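Subject: The structure, and what turned up in it

Hello,

Here is the structure I promised to pass on to you. Please open it beside this message, and then read on for what I found.

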Amino acid sequence: MLKKFLEINDFPIRYKLVIHFLLISILPSILLGILIGWAVDKTLEQQMNDNTLQLIDKVNSSVESHIQNVQNMTYIISVNAKIQDFFNGHLTLENIEPDEQYEITRFLQNFTTLYPEIAGILIVNKEGEYLSNEMYTRSSVSLTNETWYRQAVAHQGIANIIGNPQGRKIASHVNYTEDEVISIVRAIIDPVTKEEKGVVLIDLKLRVIVEILKDVRLGKTGYLMVIDDKGDEIYSPSHSVLEDVSFASKLDANYGTFADTVNESDFQFIYRKSPFTDWTTVGVFSTEDSVAEVKLIQFYVISFVFFVCFVGITASYFLSHTISRPINQLMKAMQKAESGDLSSRYKGEGNDEVSRLGRGFNKMLTQINKLITLTEQQEKKKREAEFHSLQANIKPHFLYNTLDTIQWMAHKKNATDIADVVNSLSKLFRIGLSKGGTIISLIDEIEHIKSYLQIQSVRYQNKLNYSLDISPTIQNVSILKIVLQPIVENAIYHGIKERRGPGLITIEAKKQNDRLVITIGDNGKGMSEEKLEQLRKNLSTFLIDDENHDKLTTGYGVVNVHARLKLTFGEEYGVTIDSELDKGTIVTIYHPIIEG
C-alpha cells in the first residue's frame with residue numbers, strides 16, 4: 001500500500017493537479033447526485049404521506065360530522081313526549097289513536113325531509129313493538145332479539161355505529177340493501193333503574209361516504225377506502241385491487257404506513273383511525289406512481305452530473321497546465337543553478353505565487369553572488385587581521401612585565417599596599433585575557449573576583465567587606481569567563497556604595513540538581529519593586545547588541561551575563577534577581593556543570 005502511494009507521489013505535478021481537480025469537482029458531484037436522489041425519494045414519500053394523511057383527516061371529519069348529526073337525531077327523537085310514552089308503555093300499538101300515530105309518523109318524516117341522506121328511522125320498545133316512518137319487519141320474531149338491538153343495549157345509552165348491517169329482519173319501503181346503509185343505534189336507558197326502555201335505529205345512506213370519497217385521488221391510481229373495527233369494508237371503490245385482501249392485522253395503531261404486495265404489484269398503505277366512529281380510513285396507491293417521478297428527477301440529476309464531469313475534466317486539464325508550466329520553468333532554472341550556473345534566471349511573468357517565488361529565486365541568486373564576493377573579501381581581511389594579531393601578541397606580555405616591575409619597585413620602597421594592588425591588577429588582567437579562551441576553571445574565576453574585590457577594598461577601605469564560600473565538590477569544574485565581576489560591580493556601585501556604614505558581599509558556589517549555582521548577595525541599598533520589575537523585564541527581553549545597548553538604563557552587566565549564559569548553554573541557564581529596598585539584593589547564576 002505504501003509502495004503504491006509512493007509511486008503516485010512520484011507523478012508529475014500536472015497529473016496530481018488533474019487528479020486533485022477531478023476529486024474535488026466530479027466526486028462531490030456524484031455524491032451530491034446520489035444524495036439528491038435519496039433526499040428527493042424520501043421527500044416525495046414524506047410529502048405524499050403527509051398529503052394523504054391530510055386528506056384522510058378531512059374525510060374522517062366529514063364522515064364524523066354526518067354520523068354525529070345522526071347521533072344527535074337519536075337524542076332528539078328519544079326526548080319526544082309521544083316517543084317517551086311509547087318507551088314507558090303508556091302508548092302501545094293496541095291503544096294508539098290514528099291521530100297519534102300520524103303525529104309520530106310526521107315527526108319522523110320531518111327528519112328525513114330535512115336530512116335526505118337518512119334511509120329510515122325505527123323505534124323499538126323493550127316489548128318488541130316498533131314505530132317507523134318507512135321501515136317494517138320481515139318476520140314475526142321479536143326485534144329485541146336482533147343483533148343490532150343487543151349491541152345497542154350493551155353500549156348503555158351510547159350510540160353505536162354498525163357499518164353494512166348484516167342479517168337484519170327489517171326492510172325499507174325504498175328497499176335499500178344492507179350494503180347501501182349504515183346503522184346508528186342508541187339504547188334508551190331508564191336513569192333510575194338502568195333498564196333499557198327501547199332502541200332508536202337510524203339508517204344512513206352509504207352514498208354519504210361515497211360522495212366524500214369517490215372524487216379523492218392519490219397520485220394517478222390511488223384511492224381511499226373505509227373499514228370498520230373488525231376489518232370489514234364499509235366502502236371501497238369499484239376498481240379496488242383489494243377486494244379479497246384482508247390486512248386488519250396490520251392496522252395495529254391509530255395511524256401509520258406499511259407496504260405490501262398484492263397480485264405481484266407493490267402498494268403503499270397509509271391509514272388513520274377515527275376515534276369517534278372507530279373506523280379506519282386507508283389510502284392505497286401503487287409505488288410505481290412515486291417511482292416514476294423519482295426516476296424523472298434522477299434523470300435530471302444524472303444529466304447534471306454528466307455535464308459537471310465533462311466541464312470538470314476540461315477545466316482541470318486547463319488549470320493543471322497553467323499551474324504546472326511556470327513550476328516547470330522554475331524547476332529548470334533551479335536545476336541549472338544546482339549544477340553551478342549561478343547566472344541562471346527564472347523568466348516567467350505574472351503576479352501569482354510561482355512568479356513571485358521565481359523572482360525571489362532570482363534575487364536569491366543575485367544575493368548569493370554578492371555574498372560569494374563579500375566572503376572572498378572577508379577572507380582576505382581575516383588573513384590580514386590574523387597577521388596583525390600575531391604582531392599584537394607582545395602587548396599582554398609587555399603589560400604583565402610592566403606591572404611586575406612596578407610591583408618590584410613598590411616592594412623595594414616598602415610600599416606593600418601599592419604592591420598588593422598592582423599584584424591584584426596583574427592577576428585581573430591575566431585571568432581576564434586567559435589567552436583568548438572563553439571557558440576557564442572556577443578557581444581562576446574566583447581568583448579573578450578576589451583580585452577585583454581586593455582592589456575595591458583598597459578604594460573603599462573599611463566600607464567594603466566580602467566572604468567567599470566555595471563547595472569543595474566543585475573545585476575542578478569550569479565556568480564561562482567573567483560572570484562574577486559584572487554582578488559584583490553592580491553590588492558595589494548600586495548597593496554597598498549607597499549604604500550608610502560598612503557593607504558585606506557574600507559569594508557562595510555549590511552544586512544543585514546537576515547545575516552549578518552561584519549566589520552573590522549584598523546588604524546594600526536594594527531596589528524598589530518598580531526598578532526590580534524593569535530589570536527583570538530587561539533580562540527577559542534584551543540580548544546585548546548594538547541596537548539594545550543604549551536602551552538599558554540599569555543592570556547592563558547583569559543582562560550581559562544573562563545573555564551570554566543563554567546564548568552559550570541554552571534557555572535553562574541564566575541569571576535571576578531578588579531584591580528588597582533598604583535590605584539588599586541577591587543575584588543567582590545558574591551554570592551547567594563542566595568537568596575539568
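This is a predicted model: local features need pLDDT of at least 70, side-chain atom pairs count only at pLDDT 80 or more; totals for chains, interfaces and linings use all residues.

A helix here is a DSSP run of H or I with at least four residues, and helices are numbered from the N terminus.

**Salt bridges**

The side chains of E533 and R536 meet in a salt bridge, with 3.6 Å from N to O. Are these two residues buried, exposed or partly exposed? E533 counts as partly exposed because its relative accessibility is 43%, and R536 is also partly exposed, with a relative accessible area of 32%. The pair belongs to a network of salt bridges that links E533, R536 and D578.

In general, side chains of opposite charge can pair when their charged atoms come close. The count for this structure comes to eleven salt bridges. Another one of them joins E571 to K566, where the closest N and O atoms are 3.5 Å apart. E571 counts as exposed, at 67% relative accessibility.

K273 and D278 also meet through their side chains in a salt bridge, at 3.1 Å from N to O. K273 is partly exposed, with 30% relative accessibility, and D278 is partly exposed with a relative accessible area of 30%.

You will find D514 in the loop between β16 (503-512) and β17 (515-522). D514 counts as exposed because its relative accessibility is 63%.

**Aromatic rings**

How many aromatic pairs does a search of the whole structure find? There are four. In one of them, the rings of F107 and F111 have centres 5.2 Å apart and planes at 90 degrees, so the pair is edge-to-face. Both phenylalanines lie in helix α4 (residues 98-114), four residues apart, which is about one turn of the helix. F111 is buried, with a relative accessible area of 11%.

W148 and Y149 form an edge-to-face pair as well, because their ring planes are at 70 degrees, with the centres 6.1 Å apart. W148 is buried at a relative accessible area of 4%, and Y149 is buried at 1%.

A charge also meets a ring: the charged end of R186 sits over the ring of Y75, at 3.6 Å from the ring's centre.

**Nonpolar cores and a nonpolar patch**

In soluble globular proteins, nonpolar side chains tend to be buried together. The largest nonpolar core in this model has 43 residues. Those with the most contacts inside that core are I77, I123, I182, I184, I202, I209 and W279. Which element gives the most to this core? It is α2, with eight residues. A second, separate core has 38 residues, including L453, I505, V575 and I589.

Nonpolar residues turn up on the surface too. I19, L23, I24, L27, I30, L31 and I34 make a nonpolar surface patch of about 640 Å². I34, one of these residues, is found in helix α2 (residues 13-78), and I34 counts as exposed because its relative accessibility is 56%, where exposed means over 50%.

**One more residue**

V153 is found in helix α5 (residues 147-154). V153 counts as buried, at 9% relative accessibility. The C-alpha atoms of V153 and I189 are separated by 8.3 Å, and these two residues are 36 residues apart along the chain.

Happy browsing, and do write back with any questions.

Best wishes

Notes. Residues are numbered from 1 along each chain as its sequence is written. Side-chain values use heavy atoms; hydrogens and water are left out. Patches are made of residues with over 30% relative accessible area and no salt bridge: like charges are joined within 9 Å, nonpolar side chains (Val, Leu, Ile, Met, Phe, Trp, Tyr) within 5 Å. Accessible areas come from the Shrake-Rupley method with a 1.4 Å probe; for residues, only the protein chains shown count as cover. A salt bridge is a side-chain nitrogen of Lys or Arg within 4 Å of a carboxyl oxygen of Asp or Glu. Helices (H or I, at least four residues) and strands (E, at least two) are DSSP runs, numbered from the N terminus. Buried means under 20% relative accessible area, exposed over 50%, partly exposed in between (1.4 Å probe, protein chains only). Rings of Phe, Tyr and Trp (its six-membered ring) pair if their centres lie within 6.5 Å; planes under 30 degrees apart count as stacked, over 60 as edge-to-face and the rest as tilted. A charge sits over a ring if NZ of Lys or CZ of Arg is within 6 Å of the ring centre and within 35 degrees of the ring normal. A nonpolar core is a set of buried Ala, Val, Leu, Ile, Met, Phe, Trp, Tyr and Cys residues joined through side-chain atoms within 4.5 Å.
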